[in-house]
Amino acid sequence: MRIFNERGWVMGAAIVTDRIAPNTLLQDHGARCDPIEPGVSDRGGVFWNEELGIAQKCTGCQHLVDEGELPHCVDHCPTGALTFGNEADMDLTNCVAAEEGGVLWYKNLPGLFIAGEVWDPAPNEIIENAKVVLRDDKGFQVAETLTDGFGDFWFRKLEAGDYEVVIKADGFETVKRAVHLDKSLNIGDFPMQPKAEEEEGEEVEA
C-alpha cells in the first residue's frame, strides 16, 4: 500500500477490519526519520531523492546490512512477522516465493476461502448449527464446520481446485453444491427444503 501527499510517500501493509469505517484508512504514524548523516541517509530506510524531489522508501537498509546489522523494519517489527537472513539458514516450510528466482518469501499466507449462508426460505430465517462438510474432487472430506448465529459458514486456508459443499440440518433435505475455486468465493445462499415425510413401512437407505 502506498500512502502519499505533496511531501512524499511511504509504503505500508494494510489490514482490512470491520473496526475501520468503509473508505477510511488509519495509520498511527508515518515513516520515522532516524538519520545517520542528516540530509544524506536515514537509518529508517527513508531517503530524500534530490533528482525527483521526493522522499522514497525503501533501500533495504543496505548500509545496515553491510555492517552486519538487521534492516530497520525487521529489527523494529512489533510482531516479529519479518525475518531476514540467508535463505539456506531459514525454515521455508509453508513459504511461497514472491517471484520466481527472487529472494523474498511469504510465510503462512492465508490461502483461499469458501463462504456461504444457510437458511430456511419458508419462514425466511437462517439456520444455525447446520453441518457443513467440504470434500475434494476425489470425494475425501477436507473440512467440517457448523453454521454460526448468522447462518454463515467459512472454510479458510484452501488451495485452488474443485470441491463439493455438503450441508445437512435436522428436518431438511441434504444440499450439495460443486465449487471450482481459483479465487476466494462467497458462494451465496443455500436454501434448505423440509425433508419429505417417510411413508409407513417404507425402507429408507441409511
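In this predicted model, D120 has E125 of β10 as its bridge partner, strands being DSSP runs of E with at least two residues, numbered from the N terminus. Residues are numbered from 1 along each chain as its sequence is written. Because the model is predicted, local features need pLDDT of at least 70 and side-chain atom pairs count only at pLDDT 80 or more, while totals for chains, interfaces and linings use all residues, and side-chain values use heavy atoms, with hydrogens and water left out.

**β9 and its partners**
- β9 pairs with β10 (residues 125–126) in the antiparallel sense over two bridges, where pairing requires that DSSP finds at least two bridges between the strands.
- These two strands, β9 and β10, form a hairpin with four residues between them, and N124 in the turn has a positive phi of about 60 degrees.
- Five bridges join β9 to the antiparallel strand β13 (residues 152–158), in which F155 stands opposite I114.
- β9 is also joined by five bridges to β16 (residues 185–191), running parallel to it, and there P191 is the bridge partner of W119.
- Seven of the nine residues of β9 are buried, so the strand is largely enclosed by the rest of the structure; buried means under 20% relative accessible area, exposed over 50%, and partly exposed in between, with a 1.4 Å probe and protein chains only.

**The four-stranded sheet**
- An open sheet has the order β12-β11-β14-β15 with antiparallel pairing, and β12 (141–146) and β15 (175–181) stand at its edges, each with a single partner strand, so one side of each lacks a neighbour in the sheet.
- Within it, six bridges join β11 (residues 131–136) to β14 (residues 161–168), and R135 stands opposite E164 in β14.

**Loop residue**
- L109 lies in the loop between β8 (105–107) and β9 (112–120) and, at 44% relative accessibility, counts as partly exposed.
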